[in-house]
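Visitor: Could you walk me through this one? I'd like the pocket first, then the strands, then the overall picture.

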Amino acid sequence: MEGSQALRRHRTNLELEWARWVQGGRPHDRERLRKEIVDSWGRSIATVRPEQDSAPEEGEALQRWRASPLREPLATVADELRGIAEDGGFIAAVTDETGTIMWTCGGRVMRRRAEAVNFAPGGRWDEQAMGTNALSLALRTGRPTQVFSAEHLVRALHGWVCYCAPIRSPGGRVLGVLDLSSTWERSHPLAMPALHTLVGAIESRLAERMSPPSASGPSVQGFFAGGTGKKSGLRLRALGGAELTRDGVPLKLPPRQLEILTLLALSGPQGPGMSPERLMDELYGERHVAATTLKAEVSHLRRALSGALATRRYELTAPLDCDAVEVLAALGAGRVETAARLYGGPLLPWSDAPGVRTWREHIEVALREAVLRWPGPGPVFRFGELHPYDLEIHERTLAVLGADDPRRAVALARHRTARSD
């Protein structure tokens, strides 16, 4: 729907429902409005006027940022955030646990638009201060959130789309949120996966800083972002194929359970596991599948994992290294050469599960863009090995390879193959 006439119709319909709700007219259309949005409107209206023009000022943003545990970990993705913000027309922001913005970055035009509504350091964006918005919902629910156009309670934000995800300490406490916001017509399906990757890198750095070193036992970093040292315990290879091993010994799982395990591994940066409803959507989409079918698959997977899977909210309770998570963490930290080395091909290439397809596209697009921008030949040469018909990749490889580089003959052959296809 993003970027199409359908997106414009959706925005128009939301504006209509917002006006009806604010004016106390006929009941809203529940097919158009998410329940969490309407519930937030109801909570917010007691303290926030829909015609409010900007967020109130909390102040002391610089002092908050200097003392924040997020300041140093954010530095690992700051350059990536600036690139996304400036190239994609976004404004990026980090809040503390109260919803007060401590740090932002973005291009001049977007910064000016953001400052007009005090989407800037010192601005308060919790629900009581600024009503329904992605930052306030992410803080309240502890889950990633997107708020589009007239889903915002405040009319001044109807020109925006905002993507937000909480940032958690190794112990699970929400320390703040990371937000990417832009104008509504820039709504894009890959914005939220990109945000997940960035949050994962921040949380990995937090784990390194806040968790004491241990000679034995699992690390939080290993759970959320995967280590790059010795691999023991559970390890899932999901790129270019699928295999689960425990201490190097393969464990046989059917395809559906491998899909579930992959989605749970990739959900690490988004918070504690997945609800049954969300996992059902990501596995089956609009297919009519009984809830008991999912429960049975999860039950079999739990037995295969020796019980290392929580029951009410599906969450891994033992460390799991996963190559897909490691690639995303490396990209989020700017380690493009590491990401290219770890990348083994498309995510679960045989899977048609909606959630897997989304992650597959995100990983491939993110890595492809990174290797095309990388100044050296290694990452783009490696990517070209796995994507033999990508002409642009082979052209870039030839452009950065030296004239006497022994890999040049292989790159030329790949280029000819792609051109003749």
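**Pocket, strands and fold**

Guide: Let's start with what surrounds the second largest pocket: α5 (78–88), α9 (191–210), α14 (323–332) and α16 (354–373) each supply at least two residues of its lining. Helices here are DSSP runs of H or I with at least four residues, and strands are E runs of at least two, numbered from the N terminus. This is a predicted model, where local features need pLDDT of at least 70 and side-chain atom pairs count only at pLDDT 80 or more, while totals for chains, interfaces and linings use all residues. Residues are numbered from 1 along each chain as its sequence is written, and side-chain values use heavy atoms, leaving out hydrogens and water.

Visitor: Which helix gives the most to the lining of the second largest pocket?

Guide: The lining has 32 residues, and Glu 80, Ile 84, Ala 194, Glu 369 and Arg 373 lie nearest the pocket's centre. A pocket is an open set of points on a 1 Å grid over the protein atoms alone, where a 1.4 Å probe fits, with protein on both sides within 12 Å along at least five of seven lines; lining residues have an atom within 4 Å of a point. With seven residues, the top contributor is α5.

Visitor: What is the volume of the second largest pocket?

Guide: A volume is the space filled by probe spheres set on the grid points, which are joined across faces, edges and corners. For the second largest pocket that comes to about 940 Å³.

Visitor: How many residues of strand β5 are buried?

Guide: β5 pairs antiparallel with β4 (residues 160–168) over nine bridges, and four bridges join β5 to β1 (residues 91–95), also antiparallel. Strands pair if DSSP finds at least two bridges between them. Buried means under 20% relative accessible area with a 1.4 Å probe, protein chains only. β5 (residues 174–183) is largely enclosed by the rest of the structure, because the buried count is ten of the ten.

Visitor: What radius of gyration does the protein chain have?

Guide: The rule for a globule is 2.2 Å times the number of residues to the power 0.38, and the radius is taken over C-alpha atoms. With 421 residues, a compact globule would come out near 22 Å, so the chain agrees with its own 22 Å.

Terms used:
Buried means under 20% relative accessible area, exposed over 50%, partly exposed in between (1.4 Å probe, protein chains only).
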